[in-house]
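Me: I would like to learn how to read aromatic pairs and strand faces in a model. Could you take me through them one at a time?

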Amino acid sequence: MTGRITRRGALALGAAAGAGLGVTSLAGPAAAATPTKTFAPLPLDAKPRPVPAEGYILDRIGTSMHAVTANGNQTSFVVTRAGVVLIDAPPSLAAQLPAAIRRVTTKPVTHIIYTHSHADHIANAFAFGDVIRVAHEDTAAILRASRDPNRPLPTVTFRDTRTLHVGGERFELSYPGPNHEAGNIIIHVPGQRAAVMCDVVLPGWSPFKAWGTADSVPGVLRAHDVLARLDIDTFVGGHVHRLGTPADIRASRDFTYDLWHTTARAVARIPLAAYASQAEPGNQWALFQLYYDAVADAVEPEIISRWSATLGGVDVFTRDNVVTIAVSLLLDAPRDIH
Ligand SMILES: [Zn+2]
């Protein structure tokens, strides 16, 4: 850790131009020339599963729900008496999702529920033709602005909650407020004791960089709290390698709160003004960069030591996510995160 911190600090001060941004080997100047970095080994629960010959993993959830996992994406569908309800339609599963549905049922797809607007989750929705599409009203607004023919507009929208009954199955849709994205919803399927929410809890893994450009980091924490209260057995998170459990939701929640609180303590302890003498007077960006480097230097080793044996990728994005939280503490300044 020391070599990395020292070099980043030197770069920030402009004293090591050409040292190689992004080259973060820990072994000193000789190793700095190599373009690779050694990352911590993945914990067992974060590792990929073997993919069968079909090219995707098909998991059964409850009696009539299924998840398809491949190419780093994960989506799910429920076979009802009236037809198939898809939850998202990722372009990376354009071939795999229809193949998986055909393995399970001959019924047609009648509905797609959009978890949120992001292309990696719904930009194959057009391929399912004229079905009922359900989404949060903020997702509809984002899609109207995006004008992407691959992501057709929802035909049914809601604001806070919506119960959907299809062919004997009940879908409880709810919105915990802006989080990973405005309009990113929770889909609870009580009959299958399952819930879906994308890009908030990634079972076995620490969060993606900046929670995927989160619209609200405090909202990501609030969404964790709502998920932790659900009475479910199975959780679908939208990425990485496997399905989740309530224990995965608790681990992701504990990690994210730990990151938030440890960052908040560092922000309270480290004075911004201490770095003023190291930047040109009036260069506010340089001053904040020096300050955020110091905050990240303080928080990252603590978090890595506490979590890298438990969750995947803790050593990859924690530094960036500390800075994301430090900015959120300054700008969002939430009073409800304890
Ligand atoms: Zn997303």
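Reply: Please keep in mind throughout that this is a predicted model.

Me: How many aromatic pairs does the structure hold?

Reply: Ring pairs are classed by the angle between their planes, with over 60 degrees counting as edge-to-face. The structure holds 5 aromatic pairs; in one of them, the ring centres of Phe288 and Tyr291 lie 6.5 Å apart with the planes at 85°, so this pair is edge-to-face. Both residues belong to helix α9 (residues 284-307), where they are 3 residues apart, about one turn of the helix.

Me: Which aromatic cluster do Phe288 and Tyr291 belong to, and what is the geometry of Tyr291 with Tyr292?

Reply: Phe288 is partly exposed at 22% relative accessibility, whereas Tyr291 is buried at 8%. The rings of Tyr291 and Tyr292 have centres 5.5 Å apart and planes at 45°, so that pair is tilted. Tyr292 is buried as well, with a relative accessible area of 11%, and Phe288, Tyr291 and Tyr292 together form one aromatic cluster.

Me: Which residues of strand β9 lie on its covered face, and which on its uncovered one?

Reply: In a regular strand the side chains alternate between the two faces of the sheet. In strand β9 (residues 169-174), Glu169, Phe171 and Leu173 make up the covered face, while Arg170, Glu172 and Ser174 make up the uncovered one.

Me: Which strands does β9 pair with?

Reply: Strand β8 (residues 161-166) pairs with β9 in the antiparallel sense over 6 bridges, with His165 having Arg170 as its bridge partner. These two strands form a hairpin with 2 residues between them, and Gly167 in the turn has a positive phi of about 50°. Strand β10 (residues 186-189) also runs antiparallel to β9, joined by 3 bridges, and there the bridge partner of Glu172 is His188.

How values were computed
Residues numbered from 1 in each chain as written. Predicted model: local features only at pLDDT ≥ 70, side-chain atom pairs only at ≥ 80, totals over all residues. Heavy atoms only, no water. Phe/Tyr/Trp six-rings, centres within 6.5 Å; stacked < 30°, edge-to-face > 60°. Helix = DSSP H or I, 4+ residues; strand = E, 2+ residues; numbered from the N terminus. Buried < 20%, exposed > 50% of the residue type's maximum accessible area, 1.4 Å probe, protein only. Pairing = 2+ DSSP bridges.
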